[in-house]
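The questions and answers below go through one structure step by step. Have the sequence and the model at hand while reading.

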Amino acid sequence: MKKLILAISLVSSAGILANTAAADELALAKKSGCLACHAIDKKIVGPGWKAVSDRYKGKGAKADLIAKVKAGGKGSWTEVTRGVPMPPYSPRVSDANIEKLVDFILAL
Ligand code: HEC
């Protein structure tokens with residue numbers, strides 16, 4: 001029984017840690033202005049970030065996505081956005097924070 005309780009508390013504290021990390025990244029996304037156009041699970045102006053992750057996860061797209069967030073652009077989600085462009089974020093958002101945001105999106 002003790003072991004079971006220990007196991008449950010380990011699992012739930014890992015969950016809390018993961019949520020805290022996600023909350024930090026979401027706060028960064030909000031502070032950076034991303035959430036004006038993006039949500040996790042639905043389109044706002046830009047595609048939902050879960051959809052972005054589903055498209056690119058595990059395909060070595062990290063550098064391309066970082067470049068897109070830095071310089072902006074359009075054409076990848078025209079069927080979702082009807083051609084609205086993603087604005088450029090460099091140097092408004094630091095390179096380190098852009099990488100953090102892309103890592104967060106790809107981990108969704
Ligand atoms: C003014 C609205 C707007 C804001 C603000 C915005 N985005 Fe976007 N984002 C878009 C649109 C529109 C697209 C789709 C672009 C396309 O079709 O290629 C997009 C696409 C993306 C993509 C996918 C790129 C691709 O090539 O598939 C990522 C990743 C992304 N945004 C991250 C971010 C991050 C991180 C921020 C904040 C630093 C942010 N966006 C802020 C509108 C926005």
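Helices (H or I, at least four residues) and strands (E, at least two) are DSSP runs, numbered from the N terminus. This is a predicted model, in which local features need pLDDT of at least 70 and side-chain atom pairs count only at pLDDT 80 or more, while totals for chains, interfaces and linings use all residues. Residues are numbered from 1 along each chain as its sequence is written.

Q: What pattern does the chain follow along the sequence?
A: The chain contains 5 helices and 0 strands. Read in sequence order, these elements give the pattern α-α-α-α-α.

Q: Where does Arg 82 lie, and is it buried or exposed?
A: Arg 82 belongs to the loop between H4 and H5. A residue is buried with 20 or more other C-beta atoms, placed from the backbone, within 10 Å of its own, exposed with 12 or fewer, and partly exposed in between. Arg 82 has 7 such atoms within 10 Å, so this residue counts as exposed.

Q: What is the phi of Arg 82, and how many Å separate its C-alpha from that of Gly 46?
A: Arg 82 is not a glycine, yet its phi is positive, at about 55 degrees. Gly 46 is 36 residues away from Arg 82 along the chain, and the two C-alpha atoms are separated by 9.8 Å.

Q: Which peptide bond is cis, and in which loop is Pro 91?
A: The bond from Ser 90 to Pro 91 is cis, and its omega is near 5 degrees. As for Pro 91, its place is in the loop between H4 and H5.

Q: Why do the buried residues of H5 line one face, and what arc do they fall within?
A: The buried residues of H5 are Ile 98, Leu 101, Val 102 and Ile 105. Taking directions from the helix axis to the C-beta atoms, they line one face of H5 because they fall within an arc of 95 degrees. An α-helix has 3.6 residues a turn, so residues three or four places apart point the same way. The arc for H5 is 95 degrees.

Q: Which residues does Ile 105 touch, beyond those up to four places away in sequence?
A: Contact means that two C-beta atoms, placed from the backbone, lie within 7 Å. Leaving out residues up to four places away, Ile 105 touches Trp 49, Val 52 and Ser 53.

Q: Is Ile 66 buried or partly exposed, and which residues is it in contact with?
A: Ile 66 lies in helix H3. It has 17 other C-beta atoms within 10 Å and is therefore partly exposed. The C-alpha atoms of Ile 66 and Lys 100, 34 residues apart along the chain, are 9.6 Å from each other. Apart from neighbours within four places in sequence, the contacts of Ile 66 are Ile 98, Glu 99 and Val 102.

Q: What percentage of the residues of the chain count as buried?
A: Among contacts between residues at least 6 apart in sequence, 55% join residues at least 24 apart. Of the 108 residues of the chain, the part that counts as buried is 14%.
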